[in-house]
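My entries follow in the order I made them.

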Amino acid sequence: MAYLFLLGAITAEVIGTSLLKATDGFTRLWPTLGVAIAYLSSFGLLSLTVRDIPVGVAYAVWSGLGTAAIMAIGAAFLGEPLSVAKVIGAGLVIAGVVVLNLGGTH
């Protein structure tokens with residue numbers, strides 16, 4: 001169940017971060033509310049996650065996979081450039097998350 005909470009936390013964080021540009025510096029109400037709700041949901045789900053998964057592992061998975069997802073969304077939908085260095089960096093982040101999970105104590 002903890003990994004479902006973690007997946008929800010990652011999804012909510014990715015949604016919130018994807019909406020940040022639309023807030024126009026938090027001057028637009030609805031995107032700003034969307035960001036706030038998404039981040040509050042993300043942290044709430046992350047707090048449920050760390051009841052069963054060590055906080056270091058949970059945070060590494062949350063931030064690493066969230067970062068990789070945002071990079072992909074930025075390239076696919078927000079017109080952000082994607083370089084070989086970015087792809088390699090995301091691959092290293094994901095590899096680090098895998099290593100943490102293999103060596104983590106659950």
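**Loop residues with positive phi**

I began with Asp24, which sits in the loop between α1 and α2 (29-49). Helices here are DSSP runs of H or I with at least four residues, strands are runs of E with at least two, and both are numbered from the N terminus. The model is predicted, so I note that local features need pLDDT of at least 70, that side-chain atom pairs count only at pLDDT 80 or more, and that totals for chains, interfaces and linings use all residues. Residues are numbered from 1 along each chain as its sequence is written, and side-chain values use heavy atoms, with hydrogens and water left out.

I read a phi near 50° for Asp24, a positive value in a residue other than glycine. Most residues other than glycine have a negative phi. Phe26 lies in the loop between α1 and α2, and its phi is positive too, near 60°.

Are these residues buried or exposed? Asp24 has a relative accessible area of 52% and is exposed; Phe26 is exposed, also at 52%. The cut-offs are under 20% relative accessible area for buried, over 50% for exposed and partly exposed in between, with a 1.4 Å probe and protein chains only.

**Whole chain**

I counted 4 helices and 0 strands in the protein chain, in the order α-α-α-α. The C-alpha trace spans about 45 × 35 × 15 Å along its principal axes. Of the 106 residues, 26% are buried. Among contacts (heavy atoms within 4.5 Å) with a separation of 6 or more, 63% join residues 24 or more positions apart.

**α1 against α3**

I took α1 (residues 2-19) and α3 (residues 55-77) next: their axes are 9 Å apart, at an angle of about 40°. That angle makes α1 oblique to α3. Angles under 35 degrees count as roughly parallel, over 145 as roughly antiparallel, 65 to 115 as roughly perpendicular and the rest as oblique. Axes are lines fitted to C-alpha atoms, for helices over the stretch in contact, and angles run from 0 to 180 degrees between N-to-C directions.

The crossing of α1 and α3 is right-handed. A crossing is right-handed if the near helix is turned clockwise from the far one by less than a right angle, and left-handed if anticlockwise. The contact includes Leu6, Ile10 and Glu13 of α1 and Trp62, Leu65 and Ile73 of α3. Its residues divide into 11 nonpolar, 3 polar and 1 charged. Nonpolar covers Ala, Val, Leu, Ile, Met, Phe, Trp, Tyr, Cys and Pro, charged covers Asp, Glu, Lys and Arg, and the others, Gly among them, are polar.

**α3 against α4**

How do the axes of α3 and α4 cross, and at what angle? They come within 9 Å and cross at roughly 155°, and α3 and α4 are therefore roughly antiparallel. This crossing is left-handed. Among the residues that meet are Val57, Gly64 and Met71 in α3 and Lys86, Ile94 and Asn101 in α4.

I then picked Ile94, in helix α4 (residues 84-103). Ile94 is partly exposed at 36% relative accessibility. Beyond its neighbours within four places in sequence, Ile94 contacts Leu65 and Ala68. Ile94 and Gly64 are 30 residues apart in sequence and 6.4 Å apart C-alpha to C-alpha.
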